[in-house]
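Please read them with the structure open.

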Amino acid sequence: MAAVAALLACHLSTLGGMAAQWWNDEDMGHGFLVPLVIGWIVWTERRRWGSVPAQPSWWGVPLLIAGAALHFAATVGVGLFAASVAFLLSAVGAIVCLAGFGRLRAWAFPLFLSLFMLPKLAFAYNLVTLPLQLLASRMAAAMLSASGIGVIREGNILDVGGHRVAVAEACNGIRYLLPLGFMALVVAYVMDPKAWMRVALLVVAVPLAIVANAVRVAAAASIPALDSGVPHATAGAVIFLLCLAALAGARQLFNAVTVRHHA
C-alpha cells in the first residue's frame, strides 16, 4: 500500500489533469469508468492472481527510471499524454519490482484496459478528425438516399430539404469509438471466458462505431429536432445502447460459428 500511495503522490498532478479532461471532453467521459472497472476486475480475480507467487525483480527498475524520465519531460512541456504514459509505465515498473513478471501477466488485461483512460494524443486526433468527418457525412448521405430522402452533400455539410447539418469535429466518431472499444472488452470479459473473444469484439467495435456515428448524423439531418440539445444527446445514448446489444449479438454469432466449425 505504501508503494501505491507513493506512486499516486508522485503523479497526483497528472491524475488531476486526466480527470479534468474526462470531465471537460465528452469524447473522454468514459475515463471515469475505466479505473472502477479495473478495480472491480482486480478484486474479482484476487484469488487467481493471489495464487501467483510474488517474485520481485530488479527488471522493474529500468521501467521506473524510464517512467521518471518521461514524467520529467512532461513537466517541461511535452504534455499530458506523455505524463499519463509515464504514470502507467511507473505502475508497471512498480509491479515488476515488488511482485515480478508473474503478477504482471496476471494483471495484463486490466493494465491493457488502462490505455482507454489515457488522454487523446493531439497529433493522432487531429490526423484522423477530418477523414472521419468526411466518412461520416458520406455514409450518412448514402443512408438517407437509400431511405428515399433527398440529400445534398457538400463536404461535411448535409442539406435535407433546406435543413443543413454540419458534421463537426464532435461528430467524427471518436465519441463512439473509444467508449465502444472499451465496452467491447468489458462485455467479452463478463460474458465469455475465451480470450480471443475480447480481440474479436474489439475489432467489431471499430466499424460498428463508425456506422453508429453515421446513423446519428443521418438522424440529425432528417429530423431537425435531433440536431442539438437534449434530443440529440438522447438519440446518441440510445444508439450507443443498441451498439452494446449488437456486440452481445456478435458474441453469440461468433460462438455459433465456432461450435458449427468444430461439430
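**Notes on the strands, a tryptophan and a surface patch**

1. Strand S1 (residues 152–154) and strand S2 (residues 157–160) run antiparallel and are joined by 3 bridges. Bear in mind that this is a predicted model. S1 and S2 make a hairpin, with 2 residues between them. Gly155 sits in that turn and has a positive phi of about 70°.

2. S2 also pairs with strand S3 (residues 163–166). These two run antiparallel, with 4 bridges between them. They too form a hairpin with 2 residues between the strands. Here the turn holds Gly161, whose phi is positive, at about 60°.

3. Look at Ile157 in S2. Glu154 stands opposite Ile157. In S3, the bridge partner of Ile157 is Ala166.

4. Now Trp107. This residue lies in the loop between helix H7 (101–106) and helix H8 (108–113). Is Trp107 buried or exposed? Its relative accessible area is 17%, so Trp107 counts as buried, the cut-off being under 20%. Leaving aside residues up to four places away in sequence, Trp107 touches Val42, Trp49 and Ile95. Trp107 and Arg216 are 109 residues apart in sequence, and their C-alpha atoms are 37 Å apart.

5. Last, the surface. Leu121, Phe123, Leu127 and Val128 make a nonpolar patch of about 400 Å². Phe123 belongs to helix H9 (residues 122–146). Why does Phe123 count as exposed? Because its relative accessibility is 61%, and exposed means over 50%.

Note on methods: Residues numbered from 1 in each chain as written. Predicted model: local features only at pLDDT ≥ 70, side-chain atom pairs only at ≥ 80, totals over all residues. Heavy atoms only, no water. Patch = residues over 30% accessible without salt bridge, like charges linked within 9 Å, V, L, I, M, F, W, Y side chains within 5 Å. Areas by Shrake-Rupley, 256 points an atom, 1.4 Å probe, with all protein chains shown as cover. Salt bridge = Lys/Arg side-chain N within 4 Å of Asp/Glu carboxyl O. Buried < 20%, exposed > 50% of the residue type's maximum accessible area, 1.4 Å probe, protein only. Contact = heavy atoms within 4.5 Å. Pairing = 2+ DSSP bridges.
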